[in-house]
Each structure stands twice: as structure tokens, then as C-alpha cells.
Amino acid sequence: MIPHILSEEDISLDLATKGMHSALSRIAVRIARRSRLDEQMVLRSLWHRECLGSTGIGRGVAIPHALFDTISSPVVSFTRLASPIDFDGPDDDPVDIVYTLLWPRSAVSAFLPALSQVCRVLRAPRTREGLRQAQSVGEVMAILDADPSPTIPPIRTLAWPGFMPRQLSNA
């Protein structure tokens, strides 16, 4: 299960792009408009992180991410690309699933556990295949809400105002 910070408005299906920079640019615009952040600042931050090393995790998935001083809660976006693109991932598979994560620097201690949880979910073959075949935003939400792996012990550092994964809220 991915932490419940993704809404249907944060999901884009079959986004047409020409490559990694084009994809990040289009995603940055969507995120910036939804969260009232500066588009160029979002793009620069994502691109800067990508220049440090690919955020591709393999099997057609990338998780671009950046820390921000100007936000107080996480901002996320799920994008399924119309055509896979090169993301310089570890297996050289082209990427068609992009889960973007902007994280408040003030909550940096919770960042790696949350990023790890997103990676675990998106590495599950059934989850990836379901996301690739989803016909609607609602289907994507249902897939991401499902728990394809054994229960992950609650990570208390993930809880802060405005961010309560279902897994922790039932603890």
C-alpha cells in the first residue's frame, strides 16, 4: 500500500512525452499547478536529483523525488506514460510508470521510509502490471491502495499532520 497522499487529481494516464526531460517537465507543470509551487523550481529540483543519479528503479518504473523547504506536506504524482522512455535505470528497461514525490525538508526523517515503501509497492509484478493495464484513474487508485506484499510493520516516523497511511491509521 502506498501512503495515502495521492488523490485522483494527481494521476495522469497515457501522458505523451518525447523523453525524460519532456516527461519531467510535463509532470512538474502538473504538480506545480496542483500545489501552487513554481513550475521551474519543481523541474529544476527534479532534474537536479536526476543528474545525481537515475531515479529509475528498474522494470519500467521511476520515482523522481526532491526535498523542498517551501512545502509542509508531501506532494505526489502518478503518471503512466503513453510510450516508454529511456530513464537510465539499472536494468536499461524503458520507463512507463513514474511516481513523483516532493518531500518537505522539515520532515526529512520520514522521507526514506516513505520512499522505501513506494519502491516496495511498485516493485511488485502484479502491481506494475495492473497499473499498466488500468483503464481509469479509479482503477489506479484501487491498485495503489491494495497491499500486494506482507504487512509492513508500522513506521511511527511516517505519521505527521496531514499524512496518515491507512496501514498506520489502523494500528
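This is a predicted model: local features need pLDDT of at least 70, side-chain atom pairs count only at pLDDT 80 or more; totals for chains, interfaces and linings use all residues.

Trainee: Fine. How many helices and strands does the chain have?

Mentor: Start by counting elements, then read their order. Here the chain has six helices and six strands. Along the sequence they run β-α-α-β-β-β-β-β-α-α-α-α.

Trainee: And what share of contacts joins residues at least 24 apart?

Mentor: For that, set aside the local pairs. Among contacts between residues at least 6 apart in sequence, 68% join residues at least 24 apart. As for burial, 49% of the 171 residues count as buried.

Trainee: Let's do helix pairs. At what angle do the axes of H1 and H2 cross?

Mentor: Look at the axes, then the angle, then the residues that touch. The axes of H1 and helix H2 (residues 39-52) come within 8 Å, with a crossing of roughly 140°. Angles over 145 degrees would count as roughly antiparallel, so H1 and H2 are classed as oblique to each other. The crossing of H1 past H2 is right-handed.

Trainee: Which residues make that contact?

Mentor: From H1 you have Met20, His21, Leu24, Ser25, Ala28, Val29, Ile31, Ala32 and Arg33, and from H2 Glu39, Val42, Leu43, Leu46, Trp47 and Glu50. Sorted by class, the contact of H1 with H2 has ten nonpolar, two polar and three charged residues.

Trainee: What about H4 and H5: at what angle do their axes cross?

Mentor: The axes of helix H4 (residues 125-133) and H5 come within 9 Å and cross at roughly 170°. That makes H4 roughly antiparallel to H5. On the H4 side, Thr127, Gly130, Leu131 and Gln133 meet Glu139, Val140, Ile143 and Leu144 of H5. Four nonpolar, three polar and one charged residues make up the contact of H4 with H5.

Trainee: Now the interior. Why look for nonpolar side chains as a group?

Mentor: Because in soluble globular proteins, nonpolar side chains tend to be buried together. In this model, the largest nonpolar core holds 26 residues, and Leu6, Ile63, Phe78, Tyr99, Leu122 and Leu131 touch the most other members. At least two residues of this core come from each of strand S5 (75-85), strand S6 (95-104), helix H3 (111-123) and helix H5 (137-145). H3 gives the most, with six residues. There is also a second, separate core of 23 residues, with Ile31, Ala32, Leu37 and Leu81 among them.

Trainee: On to single residues. Is serine 12 buried or exposed?

Mentor: Ask where a residue sits, how accessible it is, and what it touches. Serine 12 lies in strand S1. Its relative accessibility is 9%, so serine 12 counts as buried. Beyond residues up to four places away in sequence, serine 12 touches Arg30, Phe78, Thr79 and Arg80. Phe78 is one of the core residues that touch the most other members.

Trainee: Where is threonine 17?

Mentor: Look in the loop between strand S1 (11-15) and helix H1 (20-35). The cut-off for buried is under 20%, so threonine 17, at 17%, counts as buried. Leaving aside neighbours within four places in sequence, threonine 17 is in contact with Ser22, Ala23, Arg26, Leu81 and Ile85. Leu81 belongs to the second core.

Trainee: What should I check in the loop between S5 and S6?

Mentor: Backbone angles, then accessibility. Aspartate 88 is in that loop, and its phi is near 55°, positive in a residue other than glycine. Aspartate 88 is exposed, at 51% relative accessible area. Aspartate 92, found in the loop between S5 and S6, also isn't a glycine but has a positive phi of about 65°. At 58% relative accessibility, aspartate 92 counts as exposed.

Trainee: And which residues does aspartate 91 touch?

Mentor: Not counting residues up to four places away in sequence, aspartate 91 touches Gly58 and Arg59. Aspartate 91 sits in the loop between S5 and S6 and is partly exposed, with a relative accessible area of 32%. From aspartate 91 to glycine 56 is 35 residues in sequence and 8.9 Å in space, C-alpha to C-alpha.

Methods:
Residues are numbered from 1 along each chain as its sequence is written. Side-chain values use heavy atoms; hydrogens and water are left out. Helices (H or I, at least four residues) and strands (E, at least two) are DSSP runs, numbered from the N terminus. Buried means under 20% relative accessible area, exposed over 50%, partly exposed in between (1.4 Å probe, protein chains only). Contact means heavy atoms within 4.5 Å. A nonpolar core is a set of buried Ala, Val, Leu, Ile, Met, Phe, Trp, Tyr and Cys residues joined through side-chain atoms within 4.5 Å. Axes are lines fitted to C-alpha atoms, for helices over the stretch in contact, and angles run from 0 to 180 degrees between N-to-C directions. Angles under 35 degrees count as roughly parallel, over 145 as roughly antiparallel, 65 to 115 as roughly perpendicular and the rest as oblique. A crossing is left-handed if the near helix is turned anticlockwise from the far one by less than a right angle, and right-handed if clockwise. Ala, Val, Leu, Ile, Met, Phe, Trp, Tyr, Cys and Pro count as nonpolar, Asp, Glu, Lys and Arg as charged, and the others, Gly among them, as polar.
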